[in-house]
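This briefing concerns a single structure and is arranged by topic. The sequence and model are shown first.

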Amino acid sequence: MGGIRPTGFLHLGNYFGALRNFVRMQNEYPCFFMLADLHSLTTHPDTKELKNNVHRVLAEHLACGLDPDKSALYCQSHVYETSELYLLLGMMSMVGELEKTPTFKDKVRLQPQNVNAGLLTYPVLQAADILLHRAHLVPVGKDQEQHLEMARNIAGRFNHRYGEVFPEPVAFNFGSELVKVPSLDGAGKMSKSENQYATLYLSDPDDLIRKKVMKATTDSGPKEPNSPKPDYIENLFLLMKLVSAPDVVQKFEENYNACTIRYGDMKKQLAEDMVQFIAPIRDKAEAIQQDTGYLKKVMIQGAEKARASAQATMKVVREAVGLNYY
């Protein structure tokens with residue numbers, strides 16, 4: 001079970017933090033992948049753009065390799081049972097706990113004029129998304145680990161009160177460390193809404209990719225052999241490890257340790273490797289987005305699969321809670 005909000009543009013962090021694992025998981029597990037359009041409403045986007053955003057992000061999912069015949073790829077708002085479970089799980093959620101989540105604090109800081117209840121209960125809706133399919137494995141990025149912990153807590157409280165209904169969801173990354181893709185300016189992670197010039201989007205044109213990478217933060221280089229790397233240089237190497245050949249990464253590692261590294265050359269190499277990685281996804285997504293009939297078919301097919309799973313879960317939930325009066 002995984003989900004991404006259809007706001008802004010998907011970026012390299014979305015791919016390596018989530019989409020890459022979605023594609024691998026669909027070949028090994030029954031999977032549900034969601035466009036979290038209800039989540040997006042918490043920040044009051046211009047809903048006139050929502051349809052186009054959903055189509056674009058859906059097209060990008062498909063371009064990255066998701067197969068609607070292998071998994072359920074659906075819009076959150078098309079599965080009405082989500083809202084019912086969200087309400088019931090809200091009874092298991094503590095206000096003080098929700099107020100302490102880092103993402104809520106960040107949103108309060110970024111939009112103090114719009115601190116709505118949806119922002120506060122965002123982790124509850126996220127828990128409903130996961131538990132609605134009684135999902136066990138959740139391919140989340142490192143920044144979502146706390147929300148997943150809250151989903152486990154909420155599920156545990158429900159099970160304690162009403163009986164064992166939900167499995168305990170765990171983060172899943174095929175045994176490797178959860179990926180957190182750094183921004184090009186070295187100030188945090190790539191984001192759909194912040195530091196846009198320091199983020200590489202899956203829709204970026206080739207020249208813009210090159211321009212962004214060449215502006216990445218560097219310095220004059222190490223003064224002593226085998227020096228520790230500053231965070232912003234470590235970030236550059238991390239990005240290179242994601243898209244460049246191992247021997248290329250090794251060459252620049254050796255140059256760094258020998259104090260002979262030329263960051264201009266490294267960034268040119270990284271820029272070209274990024275273009276080679278992003279361009280096929282971008283071009284395929286653009287072609288898919290033009291085929292609105294196909295996108296509609298994918299959404300209907302995904303919603304049917306997701307609702308069948310959701311209805312089965314809610315039947316068990318209602319019986320466990322005692323909402324079965326006849």
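With a relative accessible area of 47%, Thr-292 is partly exposed, because that value falls between the 20% and 50% limits. The model discussed here is predicted.

**Thr-292**
- Thr-292 is located in helix H14.
- From C-alpha to C-alpha, Thr-292 and Gly-17 lie 27 Å apart in space, and 275 residues separate them in sequence.

**Nonpolar cores**
- The largest nonpolar core has 61 residues, of which Leu-12, Leu-19, Leu-200, Leu-239 and Met-274 touch the most other members.
- Helix H13 (residues 263–289) provides the largest share of this core, 10 residues.
- At least three residues of this core come from each of domain 1 (2–180 + 292–321) and domain 2 (206–285).
- When neighbours within four places in sequence are left aside, the contacts of Leu-200 are His-11, Leu-12, Leu-184, Met-190, Ile-209, Lys-212, Val-213, Met-274 and Ile-278.

**Nonpolar surface patch**
- Leu-323, Tyr-325 and Tyr-326 form a nonpolar surface patch of about 500 Å².
- Within the chain, Leu-323 belongs to the segment after helix H14 (292–321).

Conventions:
Residues are numbered from 1 along each chain as its sequence is written. This is a predicted model: local features need pLDDT of at least 70, side-chain atom pairs count only at pLDDT 80 or more; totals for chains, interfaces and linings use all residues. Side-chain values use heavy atoms; hydrogens and water are left out. Patches are made of residues with over 30% relative accessible area and no salt bridge: like charges are joined within 9 Å, nonpolar side chains (Val, Leu, Ile, Met, Phe, Trp, Tyr) within 5 Å. Accessible areas come from the Shrake-Rupley method with a 1.4 Å probe; for residues, only the protein chains shown count as cover. A salt bridge is a side-chain nitrogen of Lys or Arg within 4 Å of a carboxyl oxygen of Asp or Glu. Helices (H or I, at least four residues) and strands (E, at least two) are DSSP runs, numbered from the N terminus. A nonpolar core is a set of buried Ala, Val, Leu, Ile, Met, Phe, Trp, Tyr and Cys residues joined through side-chain atoms within 4.5 Å. Buried means under 20% relative accessible area, exposed over 50%, partly exposed in between (1.4 Å probe, protein chains only). Domain bounds come from an automatic or database domain assignment. Contact means heavy atoms within 4.5 Å.
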